[in-house]
Each structure stands twice: as structure tokens, then as C-alpha cells.
Amino acid sequence: MSTIALLLFPAAMALAASSDLLTMRISNKLVLFLVASFFVVAITINLPLQQFALHVACALVVLAAGFALFALRVIGGGDAKLAAATTLWLGFGLTLPYLVYAALLGGVLTLAILVLRRLPLTPFLARYRWLERLHDRKSGVPYGIALAMAGMLTYSNSIIFERLAA
């Protein structure tokens, strides 16, 4: 059971990244799954109530900040929700490293996509709708990839991971 619980977060991160890459969307169902599975895992590992409340508070702060950035058209709504759901699992102690990783990885991702968009898209690659969309200069950047990678880099330091792996 603990092995399954240990893999819930990484599996959700992989799905979020691949979904954003292929469709430029992060499903609300996936975000809700991430949130619900946190509650189940937190209860399973007997996360202390104070720690639980801090994780929830952290996610709410990140959600509010994310929606503010969404309103300013800086990030997408799915990215805001994914960041909040991810920090629910990480808590305040790992949120800053998570956001730094996300910013650095997002910067590299954005630069890579900008370089890709300067190159011609061959007819062979243009057959794939997601590559065509990624190559389009009017299209955004699937930042969920960076958010998911940052989550994976930070997860192994979380109290949840430590308790599940013990």
C-alpha cells in the first residue's frame, strides 16, 4: 500500500507534464486527484494536524498568488492550480525550492521552445498536432512541464515521501 501511495505524486506529475506538452492543458480532474490523494495519504501516514493545516495553508497561499498571476495573464489557470496542488504535498518548507526549480526549469524550457520556433518545422514533424502547436509562435509555453519536474525534484525531501519510504 505504501508503495502505491509513494508513487501517486510522481504519476500525477508525469501525467500533468505530458498532458500540458500534448494538449497545452492540465485537467481539473488530475488536479483534483492530486488534492484528494494528498488527503488520503496524509491520513494514512498520520500527518500531525498542525502539519496538515500548514500544508493546506501553503497550497491556499500559492493558489491565491497563482490566480493573481493568471488574472495578469502571466501564467495559465492550469499552471496555477497545479502549483497549488503540488505545494499541498510539499508544504511551506519546500515551496521556495520548488518555485526556484520551477522558475529555472521554466526558463530553460522557454528558451528551448523559442529556439525550436526559429527552426523550420519539417513536413514529417508537422504531422503531429502537438509539435505543430508547440512550434507556433502565437502559442504559449507548456509550463506544466517545468512545474512537474520541479515537483519531482522536491518531492523526495518532503515529510510525506520520508514517511512513506520508511
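Contact here means heavy atoms within 4.5 Å. With that in hand, welcome to a predicted model, where local features need pLDDT of at least 70, side-chain atom pairs count only at pLDDT 80 or more, and totals for chains, interfaces and linings use all residues. Residues are numbered from 1 along each chain as its sequence is written, and side-chain values use heavy atoms, with hydrogens and water left out. Helices are DSSP runs (H or I, at least four residues), numbered from the N terminus.

- His135 lies in helix H7, residues 129-135, and touches Leu116, Arg117, Leu119, Pro120 and Leu121, leaving aside residues up to four places away in sequence.
- His135 counts as buried because its relative accessibility is 15%; buried means under 20% relative accessible area, exposed over 50%, and partly exposed in between (1.4 Å probe, protein chains only).
- Ser158 sits in the loop between H8 and H9 and is buried too, with a relative accessible area of 0%.
- Not counting residues up to four places away in sequence, Ser158 touches Trp89, Leu90 and Leu94.

**Helix H1**

- The 22 residues of H1 (residues 2-23) should span 32 Å at 1.5 Å a residue, and the end C-alpha atoms are 32 Å apart, so the two agree; the expected span is 1.5 Å times one less than the number of residues.
- H1 bends by about 35° at Leu8, and Pro10 follows within four residues; the bend is the angle between axes fitted to the seven residues ending at a residue and the seven starting there.
- Buried residues of H1 include Ala5, Phe9, Met13 and Asp20.
- The buried residues of H1 pack against H2 (28-44), H4, H8 and H9 (159-165).
- Just after H1, Met24 takes a positive phi of about 60°.

**H4 against H8**

- H4 (residues 77-90) and H8 (residues 144-155) pack at an angle of about 5°, with their axes 10 Å apart; axes are lines fitted to C-alpha atoms over the stretch in contact, and angles run from 0 to 180 degrees between N-to-C directions.
- That angle makes H4 roughly parallel to H8, a label for angles under 35 degrees.
- H4 contributes Asp79, Leu82, Ala83, Thr86, Trp89 and Leu90 to the contact, while H8 brings Gly144, Leu147, Gly151, Thr154 and Tyr155.

**Ala65**

- Ala65 is found in helix H3, residues 49-71, and counts as partly exposed at 39% relative accessibility.

Note on methods
Helix = DSSP H or I, 4+ residues; strand = E, 2+ residues; numbered from the N terminus. Parallel < 35°, antiparallel > 145°, perpendicular 65-115°, else oblique.
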